[in-house]
Amino acid sequence: MKTQVGIIGSGPAGLLLSQLLHKQGIDSVILEKHSRAHVEGRIRAGILEQGTVDMLDEAGVGERLHEEGLIHDGIGIQFNGVNHRIGFKARDTGKTVTVYGQTEVTKDLMDAHAARGQDPFYEAEDVRISGIEAGTPTLKCLFQGKGLEVQCKIIVGCDGYHGVSRQSFPSDVLNTFERVYPFGWLGVLADVKPVSEELIYNNHKNGFALASQRSATRSRYYIQCELNESVEEWSDDRFWETLIHMFGEEVGPKIETGPSIEKSIAPLRSFVAEPMRYKSLFLAGDSAHVVPPTGAKGLNLAASDVHYLTEGLVDYFSTGSTSGLDLYSDRALARVWTAIRFSWWFTHLTHRFPENETHGMAYKLQIAELEYLVQSESAKASLAENYVGLPF
Ligand code: RFL
Ligand code: PHB
């Protein structure tokens, strides 16, 4: 089989890229390791920047998002038991964010692929990349027990942090930067009314907690946990009790509780691989970079990579010019590093690290910075500007 763009992975990056290319008359083939149900079922991101929403519109999959997504114009920052609002519009960003789950984005994109009769090859086993040095980029895998070969002009690795594409770069080409945080997030999804109209990021003396949501009747909550904990140690009762305690007297009693629909622990990491291209092999999304979820940037960065890459590919396939593709890595990485910085800063501001145990110097500095943040118009504007997303 032949295609213009071979894509590995049908997460948001791979699906959105393929759909945008299709709109521009460029054909692509996606090889995905897991089943559709497995990919759709992963509970992950919930916050879309305006730029991401615009791209989903451009891809023709924005209808349900506009019907069901909730527009948010601010967030709460809680510390010492008091919640402080930081509005986005008031800070002249001119932008908002939309609450719409990654599962829904994935479903809408998968439906669009199915509607045009070009489903990804789900459950493609043992995907391998070859021919990059020779200028004959090829993808090979096992599909339904048989060998499948896809000859491509370009290959894009959208296969997440654990995928094969980054590993297929020659080792002397890649520079990697990594910080693994000494804690994780325990997340619970439940069909209960969100405690607050807007998200609340809470720095509590026992650790970080986040009140998020998926709709007016579905809540997503997180609390900071140890890396070696397992979800089995967290009964629903224990989770709700801990959460209510951490949200304090003002917010805690208003939290509605109910049976969890999903419960999982995610480790937190900052990671960047540079460059995001080797010859005809490109990386996009989590395959090239990972941010801790505190800034809600992961999915949005995957979208901005796709934005730059689509521009380069459209130019290449329509005029033969490689200038957009040649600029891709630098353009994408410039934006990636701004989000790495913001997510790093926001994580350090709100989480309990072993070195900033309550009452230590580092804890005092954290609280001083939070006080400054909620009092200073410039500090609030800086947070708002980054949270809603820096321009492409
Ligand atoms: P994905 O979504 O990981 O998709 C990669 C796909 O590649 C497939 N794959 C392979 N296929 C074939 N062969 C192989 N060898 C393969 N290896 C892997 C996988 O099965 C998968 O389908 O990467 P992508 O597309 O780059 O998208 C990135 C986002 O998923 C990720 O950045 C976000 O979920 C991060 N994130 C958040 N981002 C936000 O923008 N806002 C948020 O509010 C937000 N919250 C979160 C998050 C991530 C979280 N976790 C669990 C890490 C909250 C959490 C808890
Ligand atoms: C979520 O709803 O899953 C979510 C929201 C905001 C974040 C991270 C995760 O910063």
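Helix 8 contributes three residues to the shell around ligand 1, the most of any element. In this predicted model, two elements supply two or more residues each to that shell, namely helix 1 (12-23) and helix 8 (298-319). The shell around ligand 1 comprises 32 residues, of which Ala13, Glu32, Gln102, Asp286 and Leu299 come nearest. Divided by class, the shell around ligand 1 holds 15 nonpolar, 10 polar and seven charged residues.

Polar contacts to ligand 1 involve both side-chain and backbone atoms of the protein. An N or O atom in the side chain of Glu32 is 2.6 Å from an oxygen atom of ligand 1. From the backbone, an N or O atom of Leu299 lies 2.7 Å from an oxygen atom of ligand 1, and a polar atom of Gly46 is 3.2 Å from an oxygen atom of ligand 1. On its own, ligand 1 has 1,000 Å² of accessible area, and the protein covers 89% of this.

Asn300 is also a residue of helix 8. Its relative accessible area is 1%, below the 20% limit, and therefore Asn300 is classed as buried. The C-alpha atom of Asn300 is separated by 20 Å from that of Ala211, and the two residues are 89 apart along the chain.

The shell around ligand 2 draws on strands. Strand 14 and strand 15 each provide at least two of its residues, and strand 14 has the largest share, with three. Around ligand 2 there are 14 residues, and Tyr201, Ser212, Arg214, Tyr222 and Pro293 come nearest. By class, eight residues of this shell are nonpolar, three are polar and three are charged.

Polar contacts were also found for ligand 2. A polar side-chain atom of Tyr201 lies 2.7 Å from an oxygen atom of ligand 2. Backbone N or O atoms take part as well: that of Pro293 lies 2.8 Å from an oxygen atom of ligand 2, and that of Arg44 lies 3.3 Å from an oxygen atom of ligand 2. Of the 280 Å² that ligand 2 exposes when taken alone, the protein buries 96%. Ligand 2 lies between domain 1 (5-70 + 98-178 + 269-346) and domain 2 (182-268 + 355-388), because both domains give residues to the shell around it.

Strand 14 (residues 207-215) runs antiparallel to strand 15, with six bridges between them. The two strands form a hairpin, with two residues between them. Within this pairing, Leu210 has Tyr222 of strand 15 as its bridge partner, and Tyr222 is among the residues that come nearest to ligand 2.

Strand 15 also pairs with strand 12 (residues 175-190), again in the antiparallel sense, through seven bridges. Here Leu186 has Ile223 of strand 15 as its bridge partner. Seven of the eight residues of strand 15 (residues 218-225) are buried, and strand 15 is therefore largely enclosed by the rest of the structure.

Technical notes:
Residues are numbered from 1 along each chain as its sequence is written. Chains are lettered from A and ligands numbered from 1 in the order in which they are written. This is a predicted model: local features need pLDDT of at least 70, side-chain atom pairs count only at pLDDT 80 or more; totals for chains, interfaces and linings use all residues. Side-chain values use heavy atoms; hydrogens and water are left out. Buried means under 20% relative accessible area, exposed over 50%, partly exposed in between (1.4 Å probe, protein chains only). Helices (H or I, at least four residues) and strands (E, at least two) are DSSP runs, numbered from the N terminus. Two strands pair if DSSP finds at least two bridges between them. A residue is near a molecule or strand if one of its heavy atoms lies within 4 Å of it. A polar contact is a pair of N or O atoms within 3.5 Å; within protein, one must be able to donate a hydrogen and the other to accept it, and residues adjacent in sequence count only if both atoms are side-chain atoms. Accessible areas come from the Shrake-Rupley method with a 1.4 Å probe; for residues, only the protein chains shown count as cover. Ala, Val, Leu, Ile, Met, Phe, Trp, Tyr, Cys and Pro count as nonpolar, Asp, Glu, Lys and Arg as charged, and the others, Gly among them, as polar. Domain bounds come from an automatic or database domain assignment.
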